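Please look over the sequence and the structure before reading on.

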Amino acid sequence: MGEDFNYCGGDGNYYTGDTGWHPDGGWGSLIAAKVAFYLDPLTRNTGALRVIPGSHQPDHFVRKEGIDVNNSLGLFGIPPTEFPGAIALETNPGDVVIFNHDLFHASFGGTSWRRMFTMNCTIKPETSEELEQVRRYMQAHTPGSNNYVTGAGMYYPPMIDTADENRLHHLRQPIEIHDQLFPHLARDVVNQESTV
Ligand SMILES: O=C(O)CCC(=O)C(=O)O
C-alpha cells in the first residue's frame, strides 16, 4: 500500500468462539488491509488466524466457483478447519499479522478471552475509480456506518488531538470523506451541537 495509506480506524475485542470462514471485502484489488495483533499466544487449535492463501484474487477457485467454505464437510467431506490449502498463522504477543481484506480468513478453537486488536488501512486513492472504492469502503466500515457518535466524526478526539504531522498525514482524507458521507456526525456539527 506504500507509505501514503489512509488510516481507517481500528478496534479491540475479546473474540469468543469460532468466526467461520469469510473475507472482509471483495474489491478485486488491494483497497484495504487489516493489521492484527493478538495479546495471547495462539496456535492452530486455540484460535490462531487461518487464511486461504490466494483467496483474495478474483480468479481463486473459492471465489470463481462460489464455494461455501463453511460447508466444506457437506460439499467435500472435509471439515472447514482442514480446508485444503488453508494455513494457520500461529502467533505470539508481539507478532503482527497483515492481510488483504479480500482474503478468506477464520479462527477456530479460541477461548472466550482471545484478545485481538486491529488497524484497518486503505490505499490513498489516486484515481476517481479508487476514490469511489474507498468511499464505498468507508460507507460500510467507519463510525458513521454504525451511527457511532465519536464526538469528532471519523475518530475519537484523542486520535486527532494528539496527532503530529506524521499521523495527521494518514487521517486527513478519511476525516474529509467520512464527514462528506455522514454530515450529521461530522466533527464541526457535533462540536457545535455540544456547545449549544
Ligand atoms: O478472530 C480473528 O482472529 C479474526 C477476526 C475476524 O474474522 C475479522 O477481524 O474479520
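## Exposure and an example

The model discussed here is predicted. Asp 4 has 11 C-beta neighbours inside 10 Å, so Asp 4 counts as exposed. Asp 4 sits in the segment before strand 1 (6-15).

Asp 4 and Glu 126 are 122 residues apart along the chain, yet their C-alpha atoms are separated by 10 Å.

## The chain as a whole

The protein chain has 196 residues, and 29% of them count as buried. Its C-alpha trace spans about 60 × 35 × 30 Å along the principal axes. Among contacts with a separation of 6 or more, 80% join residues 24 or more positions apart.

The chain contains six helices and seven strands. Their order along the sequence is β-β-β-α-α-β-β-β-β-α-α-α-α.

## Two domains

How is the chain divided by the domain assignment? The assignment gives domain 1, residues 1-124, and domain 2, residues 142-196. The C-alpha centres of domain 1 and domain 2 are 28 Å apart. Six residues from domain 1 and five residues from domain 2 make up the contact between them. On the side of domain 1 that touches domain 2, three residues are nonpolar, two are polar and one is charged.

## Strands and their pairing

Strands of a sheet pair through backbone hydrogen bonds, and the pairing is either parallel or antiparallel. In this chain, three strands form an open sheet in the order 4-3-6, with antiparallel pairing. Strand 4 (87-89) and strand 6 are the edge strands, and each pairs on one side only. From one strand to the next, the twist averages 35 degrees. Within this sheet, strand 3 (residues 49-51) runs antiparallel to strand 4, and three bridges join the two. Arg 50 is placed opposite Ala 88 of strand 4.

Strand 2 (residues 32-38) has antiparallel pairings of its own. Seven bridges link strand 2 with strand 7, and Ala 33 has Cys 121 in strand 7 as its bridge partner. Strand 2 is also joined to strand 5 (residues 97-100), by four bridges and again in the antiparallel sense. Here Ala 36 stands opposite Val 97 in strand 5.

## Around the ligand

Which residues are around the ligand? They are Tyr 15, Thr 19, Asp 24, Leu 49, His 105, Ser 107, Met 116 and Thr 118. Two elements give two or more residues to this shell: strand 6 (105-107) and strand 7 (114-122). By class, the shell has three nonpolar residues, four polar residues and one charged residue.

Note on methods. Residues are numbered from 1 along each chain as its sequence is written. This is a predicted model: local features need pLDDT of at least 70, side-chain atom pairs count only at pLDDT 80 or more; totals for chains, interfaces and linings use all residues. A residue is buried if 20 or more other C-beta atoms lie within 10 Å of its own, exposed if 12 or fewer, and partly exposed in between; C-beta atoms are placed from the backbone. Two residues are in contact if their C-beta atoms, placed from the backbone, lie within 7 Å. Domain bounds come from an automatic or database domain assignment. Ala, Val, Leu, Ile, Met, Phe, Trp, Tyr, Cys and Pro count as nonpolar, Asp, Glu, Lys and Arg as charged, and the others, Gly among them, as polar. A residue is near a molecule or strand if its C-beta atom, placed from the backbone, lies within 6 Å of it. Two strands pair if DSSP finds at least two bridges between them. Axes are lines fitted to C-alpha atoms, for helices over the stretch in contact, and angles run from 0 to 180 degrees between N-to-C directions.
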